[in-house]
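Let's take a walk through this model together. Have the viewer open and follow along as each residue comes up.

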Amino acid sequence: MVSKGTATLNFSNGHPPVELPIYSGSVGPDVVDIRALGGKAGMFTYDPGFMSTASCSSTITYIDGDKGVLLYRGYPIEQLAQQCDFLEVCYLLLNGELPNAPQKQQFDDTVKRHTMLHEQLVRFYSGFRRDAHPMAVMVGVVGALSAFYHEAMDISDARHREVSAFRLIAKLPTITAMAYKYNQGQPFMYPRNSLNYVENFMHMMFATPCEEYRPNPVLVRALDRILILHADHEQNASTSTVRLAGSSGANPFACISAGIACLWGPAHGGANEACLKMLEEIGDVSRIGQYIKRAKDKDDSFKLMGFGHRVYKNFDPRAKLMRETCHGVLNELGLKDDRLFKLAVELEKIALEDDYFISKKLYPNVDFYSGLIYQAMGFPVAMFPVLFAIPRTSGWLAQWQEMRADAEQKHRLRQAGRGPDGEAQITEDPDHDAPDVRELLPLRKQRVLHRGLV
Ligand code: SDX
């Protein structure tokens with residue numbers, strides 16, 4: 001990063017000013033480097049939710065929330081979605097450049113050689129209830145991969161990191177499909193290396209031993225594009241989780257399992273499942289108004305799922321591509337008059353014309369249309385967050401590898417302590433100067449343990 005001078009922090013409590021360096025990245029806002037503040041002023045910054053905190057410097061993905069721009073390694077998401085396939089984008093995220101033809105062929109072939117699961121791991125499924133949520137199964141089985149590759153778990157070894165990345169990218173579809181088959185009570189369908197990545201996934205999901213299954217090429221291309229759109233997204237909650245877990249030296253399987261657990265939440269990757277349930281609950285265009293009203297009511301916890309974003313204050317560029325893809329999939333399946341799709345289009349139109357959503361810059365996000373597409377393709381609602389975890393694993397791995405190679409990356413978060421009884425009440429003593437809170441707190445906040453003799 002390039003130095004852009006300094007920021008001077010002046011203190012009203014008499015502490016001498018502190019100079020902090022300002023840096024600019026090649027894209028995005030400048031940053032004030034505050035890491036010396038603790039040592040220079042004995043203070044921490046306080047940024048609950050990290051809304052103004054850059055946790056790292058990264059070259060992988062860039063989002064301009066005001067302009068609705070998303071770049072993977074500098075390439076606009078629109079160009080990648082139109083011109084590449086998902087494994088090419090995986091290669092780009094992991095290596096920084098798109099592969100040439102031989103590199104792509106080798107990457108695809110290597111992924112194919114890692115699609116099977118160890119037969120002992122397949123037995124894990126029988127330990128789950130059939131009706132277990134597939135994200136619970138994913139957290140368990142992906143984490144359990146770390147029990148199977150002792151010979152390649154030295155994360156200081158670049159070759160071990162690489163083979164772990166291939167294993168995770170290759171096995172996530174297999175683990176996902178097995179979770180679905182187990183839930184359905186159907187036999188597992190093993191990977192077929194004659195098929196490409198998405199064809200293989202759809203075969204493992206929807207084929208049965210009883211008859212030939214040929215995935216619809218329009219749906220295959222649509223799903224491949226959806227995987228590209230979900231592959232990475234800067235320092236979102238689940239990516240930050242993977243980085244934080246990785247900072248302790250945890251193995252990549254454990255880190256990706258932690259990322260899946262975080263992604264599950266309805267405010268994050270669980271939003272696509274929550275959004276479809278919301279559309280089902282609204283049920284009819286005539287009921288949209290009452291739900292818009294609820295979304296605007298501060299006393300009502302209801303939020304319009306699939307709307308709003310921590311960064312985008314303009315259209316999420318992925319949402320536009322998802323709406324196009326949704327239209328194409330529903331057309332291909334003869335569902336263009338689908339009730340829920342028409343409801344979603346009307347809901348989007350009404351919300352985008354409403355002052356509340358306009359003033360708060362709430363636009364549809366990547367999750368608004370995805371559920372409609374997945375349902376039309378035959379995926380059960382509970383599988384929707386898993387369909388987010390498959391592609392995001394490539395982004396998490398790229399971010400994990402970047403974190404491991406970054407000498408600056410230490411995650412040692414601190415806190416603003418409030419002590420056992422909440423706020424630090426400082427009573428002003430009229431006969432004495434106000435006590436220095438730093439001398440007082442250790443005493444005031446320490447409580448004496450009185451164990452009465454029983
Ligand atoms: C993803 O981080 C990522 O990059 C995530 C993701 C990725 O690729 O990894 O993009 C994927 O998680 C997309 C988001 C999916 N989640 C949802 O669709 C759930 C519904 N959306 C909200 O929960 C919410 O918009 C968040 C969590 C996504 C963002 O929350 P913020 O940061 O609080 O949103 P904001 O700053 O834009 O909110 C501003 C205001 C707030 O009200 P005030 O406190 O200012 O009065 O708008 C309100 C919010 O309460 N608001 C909503 C709303 N989203 C925000 N009100 C009604 N409906 C909504 N959907």
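**Around the ligand**

A polar side-chain atom of H233 sits 2.6 Å from an oxygen atom of the ligand. That counts as a polar contact, meaning a pair of N or O atoms within 3.5 Å; within protein, one must be able to donate a hydrogen and the other to accept it, and residues adjacent in sequence count only if both atoms are side-chain atoms. Before going on, some housekeeping: this is a predicted model, where local features need pLDDT of at least 70 and side-chain atom pairs count only at pLDDT 80 or more, while totals for chains, interfaces and linings use all residues. Residues are numbered from 1 along each chain as its sequence is written, and side-chain values use heavy atoms, with hydrogens and water left out.

Now zoom in on H309, in the loop between α13 (288-296) and α14 (317-332). Helices here are DSSP runs (H or I, at least four residues), numbered from the N terminus. The side chain of H309 reaches the backbone nitrogen of V311 at 2.9 Å. Leaving aside neighbours within four places in sequence, H309 is in contact (heavy atoms within 4.5 Å) with H233, D316, R318 and N365.

Is N365 buried or exposed? At 8% relative accessibility, N365 counts as buried; buried means under 20% relative accessible area, exposed over 50%, and partly exposed in between (1.4 Å probe, protein chains only). Not counting residues up to four places away in sequence, N365 touches G306, F307, G308, H309, D316 and A319.

Helix α10 (residues 237-247) has buried residues too: S238, T239, V242, R243, G246 and S247. Their cover includes α11 (252-263) and α18 (384-405). After α10 comes G249, with a positive phi near 90°.

Let's finish with charge pairs. The structure holds 19 salt bridges, each a side-chain nitrogen of Lys or Arg within 4 Å of a carboxyl oxygen of Asp or Glu. In one of them, R159 pairs with E162, the closest N and O atoms being 2.6 Å apart. Both lie in helix α7 (residues 158-184), 3 residues apart, about one turn of the helix. R159 is partly exposed at 48% relative accessible area, and E162 is partly exposed at 38%. Elsewhere, salt bridges that share partners join D85, K104 and D108 into one network. Within it, D108 and K104 come to 2.8 Å between their closest N and O atoms, and D108 counts as buried, at 16% relative accessibility.

How values were computed. Helix = DSSP H or I, 4+ residues; strand = E, 2+ residues; numbered from the N terminus.
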